[in-house]
Amino acid sequence: MPELPEVEVVRRGLESHVVAKGFTTVRVLHPRAVRRHDNGPADLAGRLAGRRITGTGRRGKYLWLTLDGDEALVVHLGMSGQMLIGPPARPSHLRIAAVLDDGTELSFVDQRTFGGWQVCDLVEVDGSVVPVPVAHIARDPLDPAFDPDAVVNILRRKDSEIKRQLLDQTVVSGVGNIYADESLWRAQVNGFRPASALARRRLGELLVHAADVMNSALAQGGTSFDSLYVNVNGESGYFDRSLDAYGQEGEPCRRCGTAIRREKFMNRSSYYCPKCQPRPRIPRPI
């Protein structure tokens with residue numbers, strides 16, 4: 001599933017291609033692509049026709065286009081959603097086709113149909129204006145208003161695993177499985193360690209590493225393991241070549257040479273170095 005860097009790559013592409021342009025026509029080709037929009041395909045198409053795109057927004061892994069009239073088009077990329085400029089290379093996976101007033105084609109392609117479009121109101125939350133479905137999402141480490149001290153205070157009160165907290169979008173947003181493992185590897189912290197067991201300094205360092213690894217991924221266009229993760233021009237990112245932990249099972253740790261280990265965590269895989277990131281000891285019953 002796309003994480004913050006991949007979504008930000010798409011947002012920047014949309015910013016340069018569609019802002020200040022208006023929707024001329026919108027065709028919904030698959031009903032699942034608008035299942036989050038309460039009034040269905042015809043209402044979404046009608047509410048977008050003639051509307052001008054005034055900007056783009058992102059919080060964590062959530063992406064939207066702001067519209068004139070204090071509404072937003074929220075784009076859920078799901079597992080395989082793509083926002084493409086121009087005709088799609090795989091028209092069989094085209095779910096929504098839009099034409100802008102300068103002739104630009106904006107295509108929403110989604111092979112697995114977990115994503116979609118939704119038009120909704122904007123609201124003010126903690127000093128920012130965001131779409132209603134995004135109002136409960138915390139700020140992410142790349143947000144200029146991100147408050148690491150406040151997040152550390154929250155983490156210090158959490159007794160569950162630190163990786164679980166990194167993945168909780170209401171605590172800190174934008175960090176998914178890939179970048180959680182990479183951040184934990186850089187901080188030399190095991191994801192199974194309770195958040196409350198970590199000192200404030202180590203938690204602060206972990207958040208710095210999260211921002212650093214996502215900035216590095218962003219500079220390389222994100223992480224693309226297959227053709228589903230692309231920018232608006234259909235190009236893949238290449239940060240997967242720089243991964244230190246995620247997907248590296250059996251490979252030597254770049255820091256100490258120990259083989260990277262994979263374990264199940266929250267119905268997904270976690271990758272870590274057993275030497276640099278030793279698992280916490282479970283107390284034996286007395």
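**Close-up views of helix packing, cores and loops**

**View 1. Helices H3 and H6 cross in a right-handed sense.** A crossing is right-handed if the near helix is turned clockwise from the far one by less than a right angle, left-handed if anticlockwise. The model is predicted: local features need pLDDT of at least 70, side-chain atom pairs count only at pLDDT 80 or more, and totals for chains, interfaces and linings use all residues. Residues are numbered from 1 along each chain as its sequence is written, and side-chain values use heavy atoms, with hydrogens and water left out. Helices (H or I, at least four residues) and strands (E, at least two) are DSSP runs numbered from the N terminus. The axes of H3 and H6 lie 10 Å apart, at an angle of about 125°. H3 is therefore oblique to H6 (under 35 degrees is roughly parallel, over 145 roughly antiparallel, 65 to 115 roughly perpendicular, the rest oblique). Axes are lines fitted to C-alpha atoms, for helices over the stretch in contact, with angles from 0 to 180 degrees between N-to-C directions. On the H3 side, the contact (heavy atoms within 4.5 Å) uses Pro148, Asp149, Val151, Val152, Asn153 and Leu155. Their partners in H6 are Arg200, Leu203, Gly204 and Leu207.

**View 2. H3 buries Val151, Val152 and Leu155.** These residues span an arc of only 105° around the axis, so they sit on the same side of H3. The arc is that of the directions from the helix axis to the C-beta atoms. Buried means under 20% relative accessible area, exposed over 50%, partly exposed in between (1.4 Å probe, protein chains only). H4 and H6 pack against the buried residues of H3.

**View 3. The largest nonpolar core has 36 residues.** Val151, Ile162, Leu166 and Tyr179 touch the most other members. At least two core residues come from each of helix H3 (148-155), helix H4 (162-167), helix H5 (177-187) and helix H6 (200-219). Leu166 touches Val172, Val175, Ala180, Leu184 and Leu206, leaving aside residues up to four places away in sequence. Another core, of 26 residues, lies apart; Phe23, Ala33, Leu65 and Phe108 are among its members. A nonpolar core joins buried Ala, Val, Leu, Ile, Met, Phe, Trp, Tyr and Cys residues through side-chain atoms within 4.5 Å.

**View 4. Helix H1 (residues 4-17) and H6 cross at roughly 45°.** Their axes come within 9 Å. H1 is therefore oblique to H6. The crossing of H1 and H6 is right-handed. H1 contributes Leu4, Pro5, Glu8, Val9 and Arg12 to the contact. H6 contributes Met214, Ala217 and Leu218.

**View 5. Helix H2 (residues 40-48) buries Gly40, Leu44, Ala45 and Leu48.** Their arc around the axis is only 165°, which places them on the same side of H2. The cover over these buried residues includes strand E1 (23-28), strand E3 (62-67), strand E4 (71-76) and strand E8 (116-125). Just after H2, Gly50 has a positive phi of about 85°.

**View 6. Asp70 and Thr113 take positive phi values without being glycine.** Most residues other than glycine have a negative phi. Asp70 lies in the loop between E3 and E4, with phi near 60°. Asp70 is exposed, at a relative accessible area of 61%. Thr113 is in the loop between strand E7 (105-110) and E8, and its phi is about 55°. Thr113 counts as buried, with 14% relative accessibility.
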